[in-house]
Amino acid sequence: MKKLARLLGVQEIKNKTLQDSLKRMEERASDLDAENRMLRQAVASTPAIMSPASENHKAHESQATPENGKTTNGAMKPMIVDRDDDIHDNNAELPTSNDAEAEKQQQELLIKCISEDLGFSTGRPIAAYLIYRCLVHWKSFEEDRTTVFDRIIQKISAAIEARDSNETLAYWLSNSCTLLLLLQRTLKNNGSAALARQRRRTSSLKSPKENQAPGHPERSVPDGRLVGGLTDISQVEAKYPALAFKQQLTALLEKVYGVIRQNLKKELSPLLGLCIQAPRTFVVSPRGSGSQGSDIAQQASMAHWQSIIKILTNSLNVLKSNYVPPFLICKLFTQVFSFINVQLFNSLLLRRECCSFSNGEYVKAGLDELEHWCHWLTEEYAGSSWDELKNIRQAVTLLILEEKHSKSIKEITDDFCPALSMQQLYRISTMYCDDKYGTLGIPSEVVSSMRAKMIGGSSSPSVQDDINSFLLDDDFSIPFSVDDISRLMVHVDTADMDLPPLIQEKNGSPFEL
C-alpha cells in the first residue's frame with residue numbers, strides 16, 4: 001500500500017506539471033496568434049515605396065520601367081516597407097539629411113562595437129545592454145521602417161557561424177537571452193498606449209575590479225559607464241519591425257542553444273560507445289573483501305568515464321564564464337543527461353555481450369561518477385539531470401541484482417525497474433548472462449509472463465513490431481520559451497554598465513543624455 005501511495009503521489013505531481021506546462025503553452029500560443037495577426041495586418045495594409053537611398057544607388061546601373069516595376073536588366077527595384085499611409089503628406093515630420101546621417105554613423109558605431117567581444121559588467125553582457133540602450137535612444141521600437149534590426153541580426157548570425165567555438169556560442173547565448181528578456185519586458189503588441197514615461201539615473205564611475213562578480217574569472221572590462229540607464233524598463237507599443245526583430249532574435253537564441261547542445265553531444269558520443277562494455281582491466285573486489293590492487297585497476301579502467309566528467313566540467317566553465325543564465329545551463333545539462341541515458345540504454349539492449357553481470361558493475365561504477373558530479377554541480381545547475389538516467393540506472397540494477405531467480409515479475413516491475421517497459425524488461429532478461437559468478441538469471445516462468453503481458457497489452461497491428469519497440473528516442477526539442485526567460489531570469493537594470501572604448505571616444509553618443 002505504501003508503494004502504491006508513493007507511486008500515486010509521483011503521478012499526481014507529474015500530472016500537475018503537465019497541466020502547468022499545457023497552460024503555459026496555451027498562453028504562449030495565444031500571444032503568438034495575436035502577434036502574427038498584427039504582423040499580417042501590418043503587411044496587408046502597407047503601401048510599398050522605393051527607398052531613396054536605394055534609388056540613387058541603382059540609378060547609374062539601370063532605369064526602372066513604370067509598367068512592370070523592374071529595371072531594364074530584369075532585376076526588381078529595391079523596395080522598403082513603410083507603415084505610414086500619409087508619409088508623403090507630412091514631409092515636415094521627416095528627418096533631415098543631417099539627422100539621418102548622424103543616426104547612420106551611430107548605427108555603424110554600434111555594429112562595429114558588437115563585432116568585438118565586449119565582455120561583461122557585474123555579470124551582465126555589455127553587448128546586449130548596448131544594443132538595447134541604442135534602440136531605446138533612437139526610438140527604433142517605434143519606427144515603422146528601419147534597417148537597424150536586420151543589421152544587428154546579420155552581425156550576430158555571422159558571429160556564430162563558427163559552430164565549433166563554444167566560447168563564442170556561449171557569449172552570444174548569454175547576450176541574445178538577455179536582449180530577448182529586455183525586449184519581452186519592453187514591447188507591447190496589443191496596440192494600446194504609446195511609450196510610457198522613462199525614468200533614468202546617472203551612475204558614478206567604479207573601478208574595473210568592482211565589475212567582477214564573485215566566483216567568476218576576471219575578464220577585461222573597459223573604463224567608462226553607460227549613463228542614463230533605465231532603472232525601470234518602460235513599455236512601448238510594438239511596431240512591425242520591432243516584432244519581427246523579436247521573432248528573429250528568438251529563433252537565433254534557439255539556434256545557438258541547439259548548436260551548443262549538439263556540439264556537446266558530438267563530443268560525448270565516442271566516449272559513451274566505450275563506456276557500455278567493461279574493459280579487461282576493470283576489476284571489482286570480490287564480495288566481502290577489499291583489495292588495493294583491484295582499486296587501482298578499477299581506477300585505470302574508468303578513464304573514459306573520467307573523460308566524460310572532464311568534458312561536462314569544461315562546458316560548465318565556459319557557460320558560467322559567459323554568464324549564461326543558470327536556468328539555461330540547467331536545461332542544457334538535463335537534455336545532455338537524457339542523451340547519455342538514451343545512448344547507454346539503447347547500446348545495452350542492442351548488444352547481447354553488454355547484458356552481463358560484469359558490464360553491469362562497470363556501468364554502475366561510471367554512473368556513480370556522474371551522480372557525484374551532479375551533487376557537486378548543485379541543484380541550481382543540475383536540476384533533474386540525475387533523474388534523466390533512470391532507464392540505464394534501472395537496467396543496470398537488474399543486471400547486478402542478486403538472487404534474480406527468486407524475484408517475481410511484480411517485484412521486478414514495482415521495486416527495481418518501474419520506469420522500464422515490459423518490452424525492455426523482456427529484452428534484458430532474455431539476453432542476460434552472469435559471466436562472473438555463474439548464477440541463475442530471471443526464472444523462465446517470469447520471462448514467459450513478461451512475454452504474455454507484452455503481447456496482451458500490445459496496441460500495435462503487428463505484435464512483433466510492438467515487441468521490438470524497446471529503444472528510446474533522443475529529445476531534440478527546445479526546452480524553454482520566451483515566457484520562461486521572463487519568469488526565470490533575475491531583474492535586469494541597464495544602469496551602471498560599462499561603455500566600450502569606441503563609444504567613449506565618440507562625443508554625442510546615444511548614452512550622453
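Helices here are DSSP runs of H or I with at least four residues, strands are DSSP runs of E with at least two, and both are numbered from the N terminus. By that rule the protein chain has 19 helices and 10 strands.

Some ground rules. This is a predicted model, where local features need pLDDT of at least 70 and side-chain atom pairs count only at pLDDT 80 or more, while totals for chains, interfaces and linings use all residues. Residues are numbered from 1 along each chain as its sequence is written, and side-chain values use heavy atoms, with hydrogens and water left out.

I will start with the chain as a whole. Buried residues (under 20% relative accessible area, with exposed meaning over 50% and partly exposed in between, using a 1.4 Å probe and protein chains only) make up 44% of the 513 residues. Next, contacts, meaning heavy atoms within 4.5 Å. Among those between residues at least 6 apart in sequence, 82% join residues at least 24 apart.

Now the core. A nonpolar core is a set of buried Ala, Val, Leu, Ile, Met, Phe, Trp, Tyr and Cys residues joined through side-chain atoms within 4.5 Å. The largest one holds 121 residues, and Phe141, Trp305 and Leu370 touch the most other members. What does Phe141 touch, not counting residues up to four places away in sequence? The list includes Tyr132, Leu135, Val136, Phe149, Leu183 and Leu187, and also the charged residues Glu237 and Lys239.

Trp305 brings us to helix α9, residues 303–321, where Trp305 is among the buried residues. Others there include Ile308, Ile309, Leu312, Leu316 and Leu319. The cover over the buried residues of α9 includes β3 (120–121), α6, α7, α10, α11 and α12. With 19 residues, α9 reaches 27 Å from its first C-alpha to its last, close to the 27 Å expected at 1.5 Å a residue. The expected span is 1.5 Å times one less than the number of residues.

Just after α9 comes Tyr323, with a positive phi of about 55 degrees. Most residues other than glycine have a negative phi. Tyr323 lies in the loop between α9 and α10, and counts as buried because its relative accessible area is 13%. Thr378 also has a positive phi, about 75 degrees, although it is not a glycine. Thr378 sits in the loop between α11 (357–377) and α12 (379–382). At 39% relative accessibility, Thr378 is partly exposed.

Two helix pairs next. Axes are lines fitted to C-alpha atoms, for helices over the stretch in contact, and angles run from 0 to 180 degrees between N-to-C directions. Helix α4 (residues 126–137) and helix α6 (residues 166–186) have axes that come within 8 Å and cross at roughly 35 degrees. The contact is made by residues including Ile126, Tyr129 and Tyr132 of α4 and Tyr171, Leu179 and Thr186 of α6. The second pair is α7 (residues 240–274) and α10, which pack at an angle of about 35 degrees with their axes 10 Å apart. Among the residues in that contact are Tyr257, Leu264 and Leu268 of α7 and Leu332, Phe339 and Leu344 of α10.

Staying with α10, residues 326–350, we find Asn346 in this helix. Asn346 counts as buried at 13% relative accessibility. Beyond residues up to four places away in sequence, Asn346 touches Leu471 and Leu472.

Glu353 is partly exposed, with a relative accessible area of 41%. Leaving aside neighbours within four places in sequence, Glu353 is in contact with Gln277 and Asn359. Glu353 and Tyr432 are 79 residues apart in sequence, and their C-alpha atoms are 8.4 Å apart in space.

Last, helix α16, residues 444–456. Which residues of α16 are buried? They are Val446, Val447, Met450 and Met454. These cover an arc of only 100 degrees around the axis, so they lie on the same side of α16. That arc is taken from the directions from the helix axis to the C-beta atoms. An α-helix has 3.6 residues a turn, so residues three or four places apart point the same way. On the other side of α16, Ser444, Glu445 and Gly456 are exposed. The 13 residues of α16 should span 18 Å at 1.5 Å a residue, and the end C-alpha atoms are 18 Å apart, which agrees.
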